[in-house]
Each structure stands twice: as structure tokens, then as C-alpha cells.
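Visitor: Hi, could you walk me through this one? I'd like to start with how you use your terms.
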Amino acid sequence: MARMERSVYPPESYSPWWWLVVALCLLGMLAVLWWARRALRTLDDGDGGGALLEKVRGETLARIDGIAAALASGDLTTARAAARLSAEVRRFAGTVTNGNADYLVLPELRRAALVDARLEPVVAVVAGVESTAFAPSGPSGDAGLAGAFEQAREVVRQWA
């Protein structure tokens, strides 16, 4: 019987077109990384959020002035103006700290001030306004609230 010879075939090589696919994938990844880096740089405007803080500060001061004007014209009672002033100061603090100060009541705000000392002036305003909000109406309440308006404006102006 004759012996059959087996031939050995060399392995097939990959098509050179696969290198083009690999190169295009690498190029695509580099393009995505470049775009992401560029997008992140435009998000960081370099002033540490100063422009946004100034915008929020201006809007808050305007709303505080609006509350004071409404109280002076008689559109708001002393208690209602005090409640709105307290809410406005807490909203400002919550917005600029990316926290939840606008949802906190006074005891919770005091505990939060132990962690973040920047909230201490906010606590002082809210505590002063709270006593006015629940006091009987009268000229003494209006006078106490006038000081609270100025104290609230100072907290907003001095925030860094």
C-alpha cells in the first residue's frame, strides 16, 4: 500500500486591512479624549465659580430688597416678611454651598454650622428672624426686622 503524504499548509495571515481598522479605532479614541478634555476645560471658567456666585448674590439681594419694600408698603405682615427673609437667606446658603441649607430648620442649621463654619452667620440671621416671625406684630417687631434685613444683606455680600 502506498503511503499518503500529508502536506502541511502554513497558517493564513490576516488581511492587511485589519491594521486600518485598528488605526481608525485608535484615532477615534484619541478624538473622543481630545473632545472630552476640551469640554471639561470650557466648563471650568477659571474663576472658581465667581461669576455664578455674583449672579446668585445679585438675585438674592434683589429679592431681599423686594421683601423689604413689600413690608414697607404694607403688602406683607411682619411675620410673613420675616419668614420670607429667613427662607431667602437659607436658599442663598443652600445654593452657594451645593447643600440643603434651604430645607433646614434652625436646629438642623445649627448642627450643619458645626460642620461648615460658613453657615454660622446664616444661623444668626435665621435665629434673629425666627423670634420676630413668631412675636406679636407691632412697631418693635418692624424695627427688629429692619436690623435683620441689613444683617441678611451683609451675610450675602460677605459670602466668599
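Guide: Happy to. Buried means under 20% relative accessible area, exposed means over 50%, and partly exposed is in between, with a 1.4 Å probe and protein chains only. By that rule glutamate 88 is buried, because its relative accessibility is 5%. One caution: this is a predicted model, where local features need pLDDT of at least 70 and side-chain atom pairs count only at pLDDT 80 or more, while totals for chains, interfaces and linings use all residues. Residues are numbered from 1 along each chain as its sequence is written, and side-chain values use heavy atoms, with hydrogens and water left out.

Visitor: Where is glutamate 88 placed, and what is it in contact with?
Guide: Glutamate 88 is in helix H3. Leaving aside neighbours within four places in sequence, its contacts (heavy atoms within 4.5 Å) are Thr60, Arg63, Ile64 and Ile67.

Visitor: Let's zoom out. How many helices and strands are there in the protein chain?
Guide: The protein chain has six helices and zero strands; both are DSSP runs numbered from the N terminus, helices being H or I with at least four residues and strands E with at least two. Along the sequence the pattern reads α-α-α-α-α-α. Of the 160 residues in the protein chain, 28% are buried.

Visitor: And what share of the contacts comes from residues 24 or more positions apart?
Guide: Among contacts in the protein chain with a separation of 6 or more, those residues account for 65%.

Visitor: Back to the helices. At what angle do H2 and H3 cross?
Guide: Their axes cross at roughly 175 degrees and come within 10 Å. Axes here are lines fitted to C-alpha atoms, for helices over the stretch in contact, and angles run from 0 to 180 degrees between N-to-C directions.

Visitor: Which residues in H2 and H3 meet?
Guide: From H2 there are Leu53, Val56, Arg57, Thr60, Arg63, Ile64, Ile67 and Leu71, and they meet Thr78, Ala81, Arg84, Leu85, Glu88, Arg91, Phe92, Thr95 and Val96 in H3. By class, the contact of H2 with H3 has nine nonpolar, three polar and five charged residues. For those classes, Ala, Val, Leu, Ile, Met, Phe, Trp, Tyr, Cys and Pro count as nonpolar, Asp, Glu, Lys and Arg as charged, and the others, Gly among them, as polar.

Visitor: What about H3 and H5, how far apart are their axes?
Guide: The axes of H3 (residues 78-96) and H5 (residues 120-133) are 8 Å apart, and the helices pack at about 165 degrees. The contact between them involves, among others, Leu85 and Val89 of H3 and Val122 and Val125 of H5. By class, the contact of H3 with H5 has 11 nonpolar, three polar and one charged residues.

Visitor: Now H4 and H5, how do their axes cross?
Guide: The axes of H4 and H5 cross at roughly 160 degrees and come within 9 Å. That makes H4 roughly antiparallel to H5. Leu106, Leu109, Arg110 and Ala113 in H4 meet Glu120, Val122, Val123, Val126, Ala127 and Glu130 in H5.

Visitor: Changing topic: how many residues does the largest nonpolar core have?
Guide: It has 35 residues. Such a core is a set of buried Ala, Val, Leu, Ile, Met, Phe, Trp, Tyr and Cys residues joined through side-chain atoms within 4.5 Å. Leu85, Leu109 and Trp159 are among the residues with the most contacts inside the core. H2 gives the most to this core, with eight residues.

Visitor: Which residues does tryptophan 159 touch?
Guide: Not counting residues up to four places away in sequence, tryptophan 159 touches Leu53, Arg57, Phe92, Ala93, Val96, Thr97, Arg118, Leu119 and Val122.

Visitor: Alanine 152, is that buried or exposed?
Guide: Alanine 152 counts as buried, because its relative accessibility is 0%. Alanine 152 is in helix H6 and, leaving aside neighbours within four places in sequence, is in contact with Ile64, Leu85, Val89 and Val125.

Visitor: Last one: where does asparagine 98 lie?
Guide: Asparagine 98 lies in the loop between H3 and H4. Asparagine 98 has a positive phi of about 55 degrees although it is not a glycine, and at 73% relative accessible area this residue is exposed.

Note on methods: Parallel < 35°, antiparallel > 145°, perpendicular 65-115°, else oblique.
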